[in-house]
4 protein chains.
Amino acid sequence: MDDLTSRVRAFADERDWQQFHTPKNLAMALAGEVGELIAEFQWLTPEQAAAVMSDREAGGRVKAEIGDVMIYLTRLADVLGIDLVEAASTKLEEVARRYPVGQARGSAAKR
Amino acid sequence: MDDLTSRVRAFADERDWQQFHTPKNLAMALAGEVGELIAEFQWLTPEQAAAVMSDREAGGRVKAEIGDVMIYLTRLADVLGIDLVEAASTKLEEVARRYPVGQARGSAAKR
Amino acid sequence: MDDLTSRVRAFADERDWQQFHTPKNLAMALAGEVGELIAEFQWLTPEQAAAVMSDREAGGRVKAEIGDVMIYLTRLADVLGIDLVEAASTKLEEVARRYPVGQARGSAAKR
Amino acid sequence: MDDLTSRVRAFADERDWQQFHTPKNLAMALAGEVGELIAEFQWLTPEQAAAVMSDREAGGRVKAEIGDVMIYLTRLADVLGIDLVEAASTKLEEVARRYPVGQARGSAAKR
């Protein structure tokens, strides 16, 4: 993960793209890539979506889009000085407290 | 990273939430969280956005939203059997070939 | 529709919010609101989603989110000098040519 | 606007696409199109974004993307039985009450 952060940073530095990689722009780019990812699933039935990785072509596109989303998320976190895994871990602990196992079991109700 | 994947999976399993965590639903949840993240930046000037982490409150919200995005991205990749870091690395190599350093330097033009 | 455009514009003018309503910011705000809308549907089964308007509370939230999306879309189009209905009509005609009735019938395949 | 709703509905009916046009799928399609729209602005400076419509090519793409967003928003509202303009008007009145002119003037602070 640290290695990915460094490689994405080097990729941007080599191309002199830091000027474009402001937090606002990166948040937009992230939203754009998530839009492309969601478009892969929009017309699929739940069953087709669940089996998407067995389709070589569609599965390849999904993997590529997930890669794009991860690249921009990694870059945005780096630019902001946020540790991605730590941010997710901290949030996961918080959500775990908000949705205790006993009460949340099998329910998607928001708290 | 592998550890985060396991913890997110355990979190869902314990709550019997696998039933909700279909690829379609997780892609939607990811888009929803990215929407919350982008909302943190929408009215900020580029300068304010760049300094957002020095604001304790806004910075905390941004970190929490990035954590949420990472949780759902990790979960979606896990459900699809995709290695998140590998997918990003593969895509980064591909993009590096499409935007060679010499030609892409300082330009945001799409190819 | 023209009336809505005028009212949204007056709303922004009265509050001196034109300064925030740049195309970039409005595109972000639009994405943020679409994120909130999608979040209303993310954990619903297709059946639950189809019946969402019969649920008074959830239906009210969906209507409010759709209203928010429409407000920002109207505002963004106004700021850019685009006629929303004309832009949609033109695009619909173009898509109709790309997906002729005979060939596209019952298929979601992208062209 | 009513006319656009009818034309989008006829477009879907003729192609037997009602089966794909569930609320969940349409919300995803809407998010996908907003992702394409936001991608048009992501690397532009605020100044470039403000002038995007004077660029024939980029302006044409922006108008087309706004058309796409409007088509899916119109379709989603129709499928849910929501009047788009009425939903936006109702929400605008509510927001106007929440942000009274005197207090909200020149401030983007959320309430």
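Visitor: What makes D:Glu86 and C:Lys63 a salt bridge?

Guide: Their side chains meet at 3.0 Å, N to O. The term asks for a side-chain nitrogen of Lys or Arg within 4 Å of a carboxyl oxygen of Asp or Glu. The pair therefore qualifies. The count between chain D and chain C is four salt bridges.

Visitor: What kind of model is this, and how are residues and chains labelled?

Guide: It is a predicted model: local features need pLDDT of at least 70, side-chain atom pairs count only at pLDDT 80 or more, and totals for chains, interfaces and linings use all residues. Residues are numbered from 1 along each chain as its sequence is written, chains are lettered from A and ligands numbered from 1 in the order in which they are written, and side-chain values use heavy atoms, with hydrogens and water left out.

Visitor: Which residues count as in contact between chain D and chain C?

Guide: Contact means heavy atoms within 4.5 Å. By that rule, 64 residues of chain D touch 63 residues of chain C. There are also 24 residue pairs in polar contact, both at pLDDT 80 or more. A polar contact is a pair of N or O atoms within 3.5 Å; within protein, one must be able to donate a hydrogen and the other to accept it, and residues adjacent in sequence count only if both atoms are side-chain atoms.

Visitor: Which helix of chain D gives the largest share of the side that touches chain C?

Guide: H4(D) does, with 13 residues. Helices (H or I, at least four residues) are DSSP runs, numbered from the N terminus. By class, this side of chain D has 45 nonpolar, eight polar and eleven charged residues. Nonpolar here covers Ala, Val, Leu, Ile, Met, Phe, Trp, Tyr, Cys and Pro; charged covers Asp, Glu, Lys and Arg; the others, Gly among them, are polar.

Visitor: How much area is buried between chain D and chain C?

Guide: About 5300 Å², with 75% from carbon and sulfur atoms. Buried area is the accessible area (1.4 Å probe) that two parts lose on being put together, summed over both. In chain D, the residues losing the most area to chain C are D:Arg15, D:Lys24 and D:Leu92, together 12% of what that side buries.

Visitor: Why are chain D and chain C said to be related as by a two-fold rotation axis?

Guide: A rotation of 180° with 0.0 Å of shift along its axis superposes chain D on chain C, RMSD 0.0 Å. The two copies are thus related as by a two-fold axis.

Visitor: What does the interface of chain A and chain D look like?

Guide: Here 15 residues of chain A are in contact with 15 of chain D. The two chains bury about 1300 Å², 71% of it on carbon and sulfur atoms. A:Met28, A:Gln42 and A:Trp43 lose the most area on the side of chain A, together 48% of what it buries.

Visitor: What makes A:Trp43 and D:Tyr72 a tilted aromatic pair?

Guide: Rings of Phe, Tyr and Trp (its six-membered ring) pair if their centres lie within 6.5 Å; planes under 30 degrees apart count as stacked, over 60 as edge-to-face and the rest as tilted. This pair has 6.1 Å centre to centre and 40° between the planes, so it is tilted.

Methods:
Least-squares fit on C-alpha atoms with pLDDT ≥ 70 in both. Helix = DSSP H or I, 4+ residues; strand = E, 2+ residues; numbered from the N terminus.
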